[in-house]
Amino acid sequence: MVHSAKRVRVLQVIHGLVPGGIETWLVNVLRSIDRDRFQIDFVTSTEKPCFYDDAVRELGAKIHFCPAPKSPWVYAPALHRTIRREKYDVVHAHLDHYGGFVLRVAQAAGVPIRIAHSHSDTSRKQAQAGAARKIYLWAMKRWLKRSATLGLAVSEVAGKSLFPQWGQDLRWKVLHCGVDTQIFHERPTEDVRAQFGIPPDAIVLGHVGGFREPKNHRFLIEIAAQALRQNPKVRLLLVGDGPLRPAIQEQVQGLGLEHQVIFTGYYPDSRIPLRDVFDVFLFPSLWEGLPLAVVEAQAAGVPCVLSDRISTEVDVVTPLITRISLDQTAEQWAKAVLGAAATNLPADYDPLAEVETSGFGMRDSVKALQDIYAAN
């Protein structure tokens, strides 16, 4: 075990400190971990300022830049130099299959604890990959097997998607990312609905997520359009940003829904709309690892309508969960969403307490990480 006098130096390897699920969780880990025992730093592949840069620096973390992973002949020596210069004890990679390459570099640099972390179920995408992509995936999994000392996954399906011999190799295990639930104990101090111009009697369908392919925003808009036909009081609030946002905004304009669909962009704390605005959390994802926003929605007591592609490991407060096949029509989804909006839990039922004792509490995941990081 590490002596108490030694500070364990941990490098988190990500693309950038954007307000995504992985990054938000890592920032919450940094806030919660014992920073006298653990120095948590980040390496990113973007020099552009990112959402969480200032926050992590204020917490004592360094941000190192390595050129884009798409140029491995440049990325590898830059990463190697950073690891050796800073003398990291742990390298924790959050780059899906590319983690195999990252941990190969970390192994060559003499890092004793090398962790790959699977945050998504990409099995369907892997099955559709072309020949060149399949060769890449095979090579990365081989390097993961050879270079990782530990593999973590947010769910069973995410683990099976990334790690070879899942269930047989004892290095691979599930670690549920924790959610910070403190805000759900606090009462709103302002009318957030009014800030977005949402009428008090509106039925608000909400979604939190980056505008990227897995989130299935195009179908989400179709569901909202059908729900509006069934009830004109419906509003859709989309929290997040990303490369597909312009295309989705164009879709909304084409349907004439500019006044019913609200785009927040990046929001300082997505838990606030969850707590203060949403009547239903709508999540028709094509694939996921284990979406923490769904756990947060349950902590806020919000009914959730999810696609059948999402792992049932996310079902913590089961009375709040409705699952629908993506083979169903937008009209069928809309009926289910409006039905979920009428969900009433028993007066003595406490969804927040259930989430906090489910293993999804931030304290649980931070304790697990501290034990892992200090195990050298």
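Biologist: Is Asp241 buried, partly exposed or exposed?
Modeller: In this predicted model, Asp241 has a relative accessibility of 22%. Buried requires a value under 20%, and exposed a value over 50%. Asp241 therefore counts as partly exposed.

Biologist: Which residue forms a salt bridge with Asp241?
Modeller: The closest N and O atoms of the pair are 3.3 Å apart, and the cut-off for a salt bridge is within 4 Å.

Biologist: How far apart in sequence are the parts that the pair Lys125 and Glu213 ties together?
Modeller: Lys125 forms a salt bridge with Glu213, with the closest N and O atoms 3.4 Å apart. Lys125 lies in helix 5 (residues 123-127), and Glu213 in the loop between strand 8 (203-208) and helix 9 (217-230), so the parts tied together are separated by 88 residues.

Biologist: Is Asp169 buried or exposed?
Modeller: Asp169 meets Arg171 in a salt bridge of 2.7 Å, N to O. Arg171 is partly exposed, at 22% relative accessible area. Asp169 has a relative accessibility of 16%, and the limit for burial is under 20%. Asp169 therefore counts as buried.

How values were computed: Residues numbered from 1 in each chain as written. Predicted model: local features only at pLDDT ≥ 70, side-chain atom pairs only at ≥ 80, totals over all residues. Heavy atoms only, no water. Salt bridge = Lys/Arg side-chain N within 4 Å of Asp/Glu carboxyl O. Helix = DSSP H or I, 4+ residues; strand = E, 2+ residues; numbered from the N terminus. Buried < 20%, exposed > 50% of the residue type's maximum accessible area, 1.4 Å probe, protein only.
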